[in-house]
Amino acid sequence: MMKTIQNPAVAELPPVGAGIDRKSSTFNQLLLSLKSIPVLVALVVLVTVVVLAAFAPLLGTVDPIAINPGGRFSPISEAYWLGSDAYGRDLYSRLLYGARISLIVGLGAAAASIAAGLVIGVVAGYLKVLDAIIMRVMDGVMAIPSILLAIALVSLTGASLVTVLVAITVPEIPRVVRLVRSIILNVRSEAYVEAAVSLGTPTLRILTRHMVPNTIAPLIVQGTFIFASAILTEATLSFLGAGLPTEIPSWGNMMADGRMYFQLYPGLVLYPGIVLALTLLSVNILGDVLRDVLDPKMAKRT
């Protein structure tokens, strides 16, 4: 009777389906990250800002641009929950409506820069003929300080929400392009991509099926930092008088209006400044968490 000899190497192979489910593993890592107090606090702060901005009209606010000369520099009271500014405008209402502007600018700039950078980066990484031309243009844009480029664009076209969005988005595109291009160049040399090319697979299918999905995780992380950077840039532009019109409630405009009266009424600057700082800190903390979860190699380096 013949005995069946089992190959030890085969015997050690895990059964089918015993591999690590990446999606569940990522979800579990996110849950573990929430046990960290700084991460939990950052999430609560960011969710609170989003809720306050979304439901601002229902949270006891008044018209944020309504001027009341008789109520200038009013202290905290039932009528003015955080006091009023030099024009008698309600600080509480302007703070909540200013959150809307900041979130719109942050989300808009992040989405637009990632969309444009993804397309340009894929073209630069896959088409060697256009790579050098595109990257020299991107290097030229990156050579200009982002804040100066934003000020120049706003000065040429006039101050408006759309103009500020464009001015903030343009300097961020080259950074996204360089990120996407590096990923595409690495993926392009993989064996499965070369096999797909040799089999005559259409270029569009290769890009959408094998290349672009590899950029999703890094772009999510990059998007969080662009989101925070866009909010800070908008506040800086508005503070310098080169951003949104002064009548539009934004955190930068509030600080710009109150800086002349800071010694007498510090709340005019402190209230929007503290909310701005907490929002940026929360976004950066959550961005670091996403980076560590989506890219474990980066987590080991840091």
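Residues are numbered from 1 along each chain as its sequence is written, and side-chain values use heavy atoms, with hydrogens and water left out.

**Confidence**

- The mean pLDDT of the protein is 84, and 87% of its residues reach 70 or more.
- Confidence is lowest in helix α1 (residues 8–11), with a mean of 40, and highest in α4, with 94.
- Residues 298–302 also have pLDDT under 50, and the model gives them four contacts beyond four places in sequence.
- Where pLDDT is low, the predicted coordinates should not be read in detail.

**Overall make-up**

- Of the 302 residues, 37% are buried; buried means under 20% relative accessible area, exposed over 50%, and partly exposed in between, with a 1.4 Å probe and protein chains only.
- Among contacts with a separation of 6 or more, 68% join residues 24 or more positions apart.

**Helices α4 and α10**

- Two packed helices are described by the angle between their axes and the distance between the axes.
- The axes of α4 and α10 come within 8 Å and cross at roughly 135°. Axes are lines fitted to C-alpha atoms, for helices over the stretch in contact, and angles run from 0 to 180 degrees between N-to-C directions.
- That angle makes α4 oblique to α10, because angles under 35 degrees count as roughly parallel, over 145 as roughly antiparallel, 65 to 115 as roughly perpendicular and the rest as oblique.
- Residues of α4 including I101, L107 and L118 meet residues of α10, among them L219, F227 and E234.
- The residues of this contact of α4 with α10 divide into 13 nonpolar, four polar and one charged. Ala, Val, Leu, Ile, Met, Phe, Trp, Tyr, Cys and Pro count as nonpolar, Asp, Glu, Lys and Arg as charged, and the others, Gly among them, as polar.

**Helix α11**

- Helix α11 (residues 251–258) is mostly covered, with seven of its eight residues buried.
- Those buried in α11 are W251, G252, N253, M254, M255, A256 and G258.
- The buried residues of α11 pack against α3 (37–54), α4 (91–126), α10 (216–239) and α12 (267–294).

**Single residues**

- M138 lies in helix α5 (residues 128–142) and is buried, at a relative accessible area of 9%.
- Leaving out residues up to four places away in sequence, M138 touches I173, P174 and V177.
- V289, in helix α12, is buried with a relative accessible area of 13%.
- V289 and V221 are 68 residues apart in sequence and 9.0 Å apart in space, C-alpha to C-alpha.
- F73 lies in the loop between α3 and α4 and is buried, with a relative accessible area of 15%.
- Phi of F73 is near 55°, a positive value in a residue other than glycine.

Technical notes
Predicted model: local features only at pLDDT ≥ 70, side-chain atom pairs only at ≥ 80, totals over all residues. Helix = DSSP H or I, 4+ residues; strand = E, 2+ residues; numbered from the N terminus. Contact = heavy atoms within 4.5 Å. pLDDT = per-residue confidence, 0-100.
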